[in-house]
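Please keep the structure in view while working through the numbered points.

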Amino acid sequence: MDGLILQILNGLDKGSAYALIALGLTLIFGTLGVVNFAHGALFMIGAFCAVTISKILNISYEVIDPNQTDFLGNPLKVKTPYVESWFGPEMGASIIDWSVPLAILLTIPVMMLIGLIMERGLIKHFYNREHADQILVTFGLAIVLQEIIKYYFGANPIQTPPPEALQGVANVGAAIGMDLPYPIWRIVYFCFSLGIIGAVFAFLQFTTFGMVVRAGMADRETVGLLGINIDRRFTIMFAIAAAVAGLAGVMYAPINPPNYHMGMDFLVLSFVVVVVGGMGSLPGAVLAGFMLGILESFASTTWATTTLPGINQIIIYLVAIIVLLTRPRGLMGRKGVMEE
Amino acid sequence: MLGLNNKDTKLLIVVAVLTLLAPFILNPFPAGSAMAQFNAGYPDLMQRFVIFGIFAIGFNILFGLTGYLSFGHAAFLGIGSYAAVWIFKLFTYNVVPAIALAVIMAGLFSVIIGYVSLRRSGIYFSILTLAFAQMSFALAYSVLSNPKFNLTNGETGLQVYADDLQMFHREGLPDLPHLFGLSMRSTYNLDIGAWSFSFNAGYYLCAVVLMLVFYLSIRIFRSPFGLMLRAIKSNQTRMSYTGLNPRPHTLAAFVISGMYAGLAGGLMAAMDPLAGAERMQWTASGEVVLMTILGGTGTLIGPVLGAGFIKYFENIFSKINDSILHEWFAFLPDGLENFMVFIVHPFVGKGWHLTLGILFMLVVIFLPGGLVEGGQRIGKWIKNRGKAKDSGATTEPAE
């Protein structure tokens with residue numbers, strides 16, 4: 001029983017990342033009808049926002065301290081981050097320590113800006129072209145974004161530790177009398193992603209803006225005829241989707257040290273998630289994201305890999321193939337959206 | 001000639017001449033000169049030009065004619081490579097059976113994968129092929145290389161070892177892939193003055209195969225079957241209303257292009273007898289998509305051009321480093337020179353993928369017909385300019 005729950009928990013963090021990326025993909029597809037192959041790159045840029053912030057916070061100046069000497073007897077150079085000299089050593093150190101959560105503040109405006117530029121500058125011109133063209137141009141864009149990141153940050157993964165208070169392992173099952181050790185940061189990530197998903201749904205459900213967007217998703221033309229500038233609202237939705245991908249990335253940085261191709265790795269799986277959940281269905285994307293994450297974690301248990309070797313590597317694709325062939329609309333796809 | 005009309009015959013002859021004279025054409029700079037690094041006429045690179053050309057021609061039969069965008073074609077390339085290396089390991093180093101088996105195996109797999117994937121179209125088809133290719137990659141990389149049943153040799157890649165069976169291997173035959181005794185590595189170097197040209201047996205085998213499959217692709221493009229495939233691209237519903245079932249045709253196109261990929265994989269193994277799983281990864285599938293689009297989708301010569309273009313830049317562009325850039329811009333004043341080097345630096349050397357990505361986006365946005373369309377437009381522009389000069393101020397009649 002403990003093992004079973006542990007596997008579910010293990011699947012949750014990856015599942016959260018899948019769900020967030022798939023949610024963004026679905027938002028873009030549902031509103032603009034564009035298949036965005038550059039969404040993984042947005043996830044990756046989000047992760048690199050965390051790296052950037054921690055680099056910025058660690059910018060330091062060097063002082064030669066005559067009181068301390070290194071092992072050769074020379075005076076020691078002491079590096080002090082500017083933050084520490086501004087806010088005092090303790091406050092400064094804790095700001096640096098909390099750089100990943102702080103990066104969220106940077107990520108939201110940066111990602112929304114990137115989203116706006118992307119939509120207005122490029123995607124706008126592809127509304128009326130074939131899906132194949134959309135895939136191709138965003139695929140090209142993904143390569144470009146990836147290479148830019150590689151140019152500035154190098155090809156190696158960059159370690160980005162979570163705040164010290166959130167490192168380590170907690171026993172999440174203590175309250176119900178079970179032994180379930182689980183890394184604290186992953187719990188944080190899961191709660192964070194639930195929060196984001198909740199916020200997106202609430203935004204769509206309870207605001208006038210969200211209502212208009214939902215109406216536009218159902219029937220764009222009629223909403224346009226009612227005198228509402230639906231294009232502008234869809235552009236903003238694109239920016240929001242980009243921000244969701246970025247937020248998924250920024251908090252994922254401590255779990256998986258960011259490297260320039262992490263976006264592509266996640267993109268392939270997220271597309272599978274979107275298709276399994278049903279193209280254009282937001283709850284479907286979230287559900288399928290968590291489901292496939294948990295399924296993957298179950299397939300990685302020793303029991304599963306000994307009975308069916310390699311099942312952990314192919315389970316998601318296998319599920320996708322079966323779902324696509326038996327339920328073409330996906331788990332929760334609406335009727336008439338991209339059927340054939 | 002050969003059942004082709006005048007224009008196609010000309011095209012075939014041009015391709016034949018270009019491939020046969022490639023060692024000359026690709027080595028325009030004397031060896032040892034400063035420009036020698038732009039020479040692409042060494043066997044390894046020439047083989048890659050041709051092999052990826054074959055791969056892209058095959059991909060174009062599927063994508064260019066039917067419009068089905070497969071993101072998993074590299075799987076067939078990998079399967080072809082594995083099949084060929086197994087022939088080398090078990091039977092003989094002769095490349096003919098190896099390549100034949102590579103084509104057959106890739107064909108079999110593409111029948112299965114195609115039959116399943118083609119039940120859906122559009123983006124679903126892309127994702128299904130992607131899923132199959134990633135599955136094959138994962139299987140080849142880890143699962144099929146366990147000690148009990150080692151089919152792919154995992155991360156190391158499948159290669160031929162000294163203690164392998166090689167039933168039909170005889171004394172006197174080269175210990176490398178060969179064509180009835182002619183080693184694929186045997187190269188004849190011709191020195192004319194400062195120039196040095198190398199003629200490689202392996203390259204010429206690939207070149208002959210390229211000409212054959214290029215001819216085949218022309219025939220497919222011009223056949224009733226090719227027309228049927230174009231009908232699928234333009235309007236599948238209308239096609240089925242006229243009483244034709246599109247699915248067998250798409251499946252046939254898929255299998256043909258899968259066999260082309262297998263042929264390319266077999267040739268790759270024949271040039272260098274090893275096969276690795278990374279050939280099946282989806283980035284490799286993405287590369288052939290790039291080649292085809294860049295060269296010109298749905299055109300005959302486009303994919304070959306695109307493959308040559310990408311492989312040339314991958315090998316030559318990536319060699320340009322800062323000192324070469326400084327040499328280039330040496331004529332500028334110092335400050336400006338450094339500035340130019342700074343500007344160009346991210347796009348060359350290790351960053352050539354950035355150039356490729358930007359170029360690819362520009363092609364998709366502005367030139368959906370790829371390099372071929374670009375060439376045609378320039379040709380038309382020159383022609384029209386010439387005409388305008390001849391005819392002076394006469395007005396063109398309305399069309």
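Helices and strands are here DSSP runs, a helix having at least four residues and a strand at least two, and they are numbered from the N terminus. The model discussed below is a predicted one.

1. Two loops of chain B deserve attention. Asn153(B) lies in the loop that joins strand S2 (149–150) to strand S3 (158–159) of chain B. Its phi is near 60°, a positive value in a residue that is not glycine. Is Asn153(B) buried, exposed or partly exposed? It counts as partly exposed because 19 C-beta neighbours lie inside 10 Å, and a buried residue requires 20 or more.

2. Phe180(B) belongs to the loop between strand S4 (178–179) and strand S5 (182–183) of chain B. Although it is not a glycine, Phe180(B) has a positive phi of about 45°. Phe180(B) has 8 C-beta neighbours inside 10 Å and therefore counts as exposed, the limit for that class being 12 or fewer.

3. Further along chain B, strand S6 (residues 187–192) and strand S7 (residues 195–200) pair in the antiparallel sense over 6 bridges. Ile192(B) stands opposite Trp195(B) in S7(B). The two strands form a hairpin with 2 residues between them. In its turn, Gly193(B) has a positive phi of about 60°.

4. Chain A also contains a hairpin, formed by S1(A) and S2(A), with 5 residues between the strands. Strand S1 covers residues 60–69 and strand S2 residues 75–81 of chain A; their pairing is antiparallel, over 7 bridges. Within this pairing, Val63(A) is opposite Val78(A) in S2(A). Gly73(A) takes a positive phi near 90° in this hairpin.

5. How far apart are the end C-alpha atoms of helix H12 (residues 282–299) of chain A? They are 26 Å apart, which agrees with the 26 Å that 18 residues should span at 1.5 Å a residue. H12(A) is mostly covered, since 13 of its 18 residues are buried.

6. Two packed helices are described by the angle between their axes and the distance between the axes. In chain B, helix H5 (residues 95–117) and helix H10 (residues 246–271) pack at an angle of about 145°, and their axes are 7 Å apart. The crossing of H5(B) past H10(B) is right-handed. Their contact has 19 nonpolar and 7 polar residues, with no charged residues.

7. Leu4(B) is partly exposed because 16 other C-beta atoms lie within 10 Å, a count between the limits of 12 and 20. Leaving aside residues up to four places away in sequence, Leu4(B) touches Thr9(B), Leu12(B) and Ile218(B). Leu4(B) and Arg219(B) are 215 residues apart in sequence, yet 7.6 Å apart in space, C-alpha to C-alpha.

8. The final point concerns the two chains together. In all, 35 residues of chain B are in contact with 32 residues of chain A. On the side of chain B that touches chain A, helix H6 (122–143), helix H11 (282–295) and helix H15 (352–366) each supply at least two residues. Which of these gives the most? H6(B) does, with 14 residues. By class, the residues on this side of chain B divide into 22 nonpolar, 11 polar and 2 charged.

Notes. Residues are numbered from 1 along each chain as its sequence is written. Chains are lettered from A and ligands numbered from 1 in the order in which they are written. This is a predicted model: local features need pLDDT of at least 70, side-chain atom pairs count only at pLDDT 80 or more; totals for chains, interfaces and linings use all residues. Axes are lines fitted to C-alpha atoms, for helices over the stretch in contact, and angles run from 0 to 180 degrees between N-to-C directions. A crossing is left-handed if the near helix is turned anticlockwise from the far one by less than a right angle, and right-handed if clockwise. Ala, Val, Leu, Ile, Met, Phe, Trp, Tyr, Cys and Pro count as nonpolar, Asp, Glu, Lys and Arg as charged, and the others, Gly among them, as polar. Two residues are in contact if their C-beta atoms, placed from the backbone, lie within 7 Å. Two strands pair if DSSP finds at least two bridges between them. The expected span of a helix is 1.5 Å times one less than its number of residues.
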